[in-house]
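Student: I'd like to learn how to read strands and aromatic rings in a protein model. Can you walk me through it?

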Amino acid sequence: MKRVLKLFANCLCIFAMASIIGCKNDDGGGGSDELKATVNKATSASVSVEEGSYDSIVKEEDKSTINAALDSAGIDKIIAGATDYSGFVQDDEDDSDYYSMRAMTTEQLGTKIYKDLEEKITNFNQDLQNNGKASFAYSIAPGEITELPEGIKMTIPLFFMSQSAAYSSDGTTTAQSYTQGICSTYFKDFTKTESDSDSYLKQTAVNSAQNYNYNIATTIDPTKIDSDKIQNGDYTSISDFMKITGSAKINLETTSYTSFVIEGIAGKISTELNLAISFTDFDKIYNEIVNDDTECSISPETFINSETSKGSLKINVCDLDGNVIYNYKTITNISDLESYISLFDLSSVINGTDE
């Protein structure tokens, strides 16, 4: 039975890794289903182009010229970066070379959150081991982020995370739940950034919210446990002796506007990205962990597939008032959407290791 309990303990944090993000402009404590991450949609008025820097406003007949320029300007890369929060929680300065619009936070903020969560998760694990039950909740409302490069502004109204877990005295039943959310608004003026001063793109504003929660319970049938098989690692499936039930949901919503001037033609690009994931097949997740002999290594992207997920990306080219002139790109196929989506992963924090 001790081997089974150890197996459960090793798997306990797996689902917390799928930490997804969102936000709400209040100071509620983490952990409640009532705390849901929301953010207002970005508007056309959020971005502009300098007067006198263009000759005309984009029209339908400009489509081929505009599309070719947007492709070369890497607009897809910018949109993909809009959901990337890598580096948001980190112990020390992250020197890795990655493109992340969402990672524009001060070192002090990332370190503070890392340390706060590290302490709470350590206490959580100790309480669970000693008392058979544990819980924690964490929330922070950083607001406007300071010390950013010139031309960049970012606010994080709220980040929250909570977890609770318990198991029976004989170890045959367990229950756990997890919630997380973060939201942010981001603005960049390319004309004030030296490396982007020659870009077709002039300003971009991105508002994003992500939410994640799960509830799961396990029941072990002692009559189906063969201690020799457990000790020798001969079980091919945890479901041979453990029943796992539960559900999890992930939601992502990102909107943005980007202004441009291309060959004297001015306009704006509007983007809406939505993703909803719902899954219940926890048996499969547990078995993959055991068979791969890994602990807490499943990324949130693991759950994105055509069976569990629905999503869409719509990119429109608009005039300076935000009126749609034509559709630049629409994607509804999940496999095609994956390159635009980066789901928040806190495995390094949960495991007590640095990224």
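This is a predicted model: local features need pLDDT of at least 70, side-chain atom pairs count only at pLDDT 80 or more; totals for chains, interfaces and linings use all residues.

Student: Which other strands pair with E4?

Tutor: Strand E2 (residues 133–140) pairs with E4 (residues 152–167) over eight bridges, in the antiparallel sense. Look for Ser139, whose bridge partner in E4 is Phe160. Strand E3 (residues 143–144) also pairs with E4 in the antiparallel sense, over two bridges. In that case Gly143 has Ile156 as its partner.

Student: What about strand E9? Why is it described as largely enclosed?

Tutor: Check how many of its residues are buried, meaning under 20% relative accessible area. Strand E9 (residues 309–318) has ten residues and seven of them are buried, so the rest of the structure largely encloses it. Strand E8 (residues 265–279) pairs with E9 over ten bridges, antiparallel, and Leu275 stands opposite Gly311 there. E9 is also joined to strand E10 (residues 324–331) by six bridges, again antiparallel, with Leu313 opposite Ile331. In the hairpin of E9 and E10, Gly322 takes a positive phi near 90 degrees.

Student: Now the rings. How many aromatic pairs are there?

Tutor: Ring centres must lie within 6.5 Å to pair. The count comes to five aromatic pairs. One of them is Tyr178 with Tyr212, at 5.7 Å centre to centre and with 50 degrees between the planes, which is tilted. Tyr178 sits in strand E5 (residues 173–189) and Tyr212 in strand E6 (residues 201–220), so this pair ties together parts 34 residues apart in sequence.

Student: Are those two tyrosines buried or exposed?

Tutor: Tyr178 and Tyr212 are both buried.

Student: And why does the pair of Tyr178 and Tyr214 count as stacked?

Tutor: Planes under 30 degrees apart count as stacked. The Tyr178 and Tyr214 planes are at 15 degrees, with ring centres 5.9 Å apart, so this pair is stacked. Tyr178 is in E5 and Tyr214 in E6, so the pair ties together parts 36 residues apart in sequence. Tyr214 is buried, as is Tyr178.

Student: What do Tyr178, Tyr212 and Tyr214 form together?

Tutor: They make up one aromatic cluster.

Note on methods. Residues are numbered from 1 along each chain as its sequence is written. Side-chain values use heavy atoms; hydrogens and water are left out. Rings of Phe, Tyr and Trp (its six-membered ring) pair if their centres lie within 6.5 Å; planes under 30 degrees apart count as stacked, over 60 as edge-to-face and the rest as tilted. Helices (H or I, at least four residues) and strands (E, at least two) are DSSP runs, numbered from the N terminus. Buried means under 20% relative accessible area, exposed over 50%, partly exposed in between (1.4 Å probe, protein chains only). Two strands pair if DSSP finds at least two bridges between them.
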